[in-house]
Amino acid sequence: MKFFLDTADVSAIKTINELGVVDGVTTNPTIISREARDIAKWADNIVVKIPMTMEGLKAVNVLSKENIKTNVTLIFTVSQGLMAIKAGAAFISPFVGRLEDIGTDAYQLISDLREIIDFYGFDTEIIAASIRNTVHVENVAKRGAHIATIPDAVFDKMTKHPLTTSGIKNFTKDWETFKNKVE
Ligand code: G3P
């Protein structure tokens with residue numbers, strides 16, 4: 001499973017990249033499909049984010065034939081995911097938090113999409129997006145998301161637990177006591 005960092009904050013990218021757990025970065029979709037070719041020239045590992053619309057799918061189809069990778073974003077149903085996969089998307093982004101907001105089971109969507117991708121041998125990868133907490137990350141990992149794109153604040157929480165903090169405090173205290181005894 002890969003982790004992407006969902007931010008445009010360069011200093012957060014630098015800090016979290018030092019942990020060695022980040023495989024990529026996503027930013028918010030202000031990109032319009034007609035600008036896609038220029039954006040793809042910025043670097044050889046750029047993926048163009050395209051909204052899930054009819055026009056978006058047309059762009060995905062054209063770009064995939066030019067070997068330009070696309071990430072179709074704002075996926076909320078299996079049908080939308082299937083359409084994006086069939087149009088040639090390299091990535092599809094179901095939105096976990098926003099589905100939860102409307103009381104829909106986002107994890108079922110992720111496992112359904114993964115089942116379809118594996119059953120037919122499609123190359124498309126699922127990026128679980130709209131991740132807002134550590135439980136979201138844990139659940140999308142269990143349901144087969146190839147990638148989770150995670151805000152920096154959630155990355156930070158993924159390293160922490162109160163019992164880890166208190167455990168370190170106690171070990172430090174015990175070490176000081178031991179040192180004082182032997183000195
Ligand atoms: O990955 C998509 C993300 O940027 C949107 O998150 O919390 O606004 O649904 P949110």
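**Charges, rings and one proline**

The protein chain carries 21 positive and 23 negative side chains, and the centres of these two sets are 1 Å apart. The model is a predicted one.

Visitor: What makes a side chain of the protein chain count as positive or negative here?
Guide: Lys and Arg count as positive and Asp and Glu as negative, while His and the chain ends are left out. On that basis the totals are 21 positive and 23 negative.

Visitor: How does the radius of gyration of the protein chain stand against that of a compact globule of 183 residues?
Guide: The globule would have a value near 16 Å, but the protein chain has 20 Å. Along its principal axes, the C-alpha trace spans about 75 × 35 × 30 Å.

Visitor: What else describes the chain as a whole?
Guide: Its secondary structure consists of nine helices and seven strands. Of the 183 residues, 38% count as buried. Among contacts with a separation of 6 or more, 46% come from residues 24 or more positions apart.

Visitor: How many aromatic pairs does the structure hold?
Guide: There are five aromatic pairs. One of them joins Tyr120 and Phe122, with 5.8 Å centre to centre and 45 degrees between the planes.

Visitor: Why is the pair of Tyr120 and Phe122 called tilted?
Guide: Centres must lie within 6.5 Å for a pair, and planes under 30 degrees apart count as stacked, over 60 as edge-to-face and the rest as tilted. The centres here are 5.8 Å apart and the angle is 45 degrees, so the rings pair and the pair is tilted. Ring pairs also link Phe119, Tyr120 and Phe122 into a cluster.

Visitor: Why is Tyr120 called exposed, and why is Phe122 called partly exposed?
Guide: Exposed means over 50% relative accessible area, buried means under 20%, and partly exposed is in between. Tyr120 has 57%, so Tyr120 is exposed. Phe122 has 26%, so Phe122 is partly exposed.

Visitor: What makes Leu5 a contact of Pro151?
Guide: Contact means heavy atoms within 4.5 Å. Leaving aside neighbours within four places in sequence, Pro151 is in contact with Leu5, Asp6 and Ile131. The C-alpha atoms of Pro151 and Asn133, 18 residues apart along the chain, are 8.8 Å from each other.

Note on methods:
Residues are numbered from 1 along each chain as its sequence is written. This is a predicted model: local features need pLDDT of at least 70, side-chain atom pairs count only at pLDDT 80 or more; totals for chains, interfaces and linings use all residues. Side-chain values use heavy atoms; hydrogens and water are left out. Helices (H or I, at least four residues) and strands (E, at least two) are DSSP runs, numbered from the N terminus. The radius of gyration is taken over C-alpha atoms; the globule rule is 2.2 Å times the number of residues to the power 0.38. Buried means under 20% relative accessible area, exposed over 50%, partly exposed in between (1.4 Å probe, protein chains only). The place of a charge is taken as NZ of Lys, CZ of Arg, CG of Asp or CD of Glu. Rings of Phe, Tyr and Trp (its six-membered ring) pair if their centres lie within 6.5 Å; planes under 30 degrees apart count as stacked, over 60 as edge-to-face and the rest as tilted.
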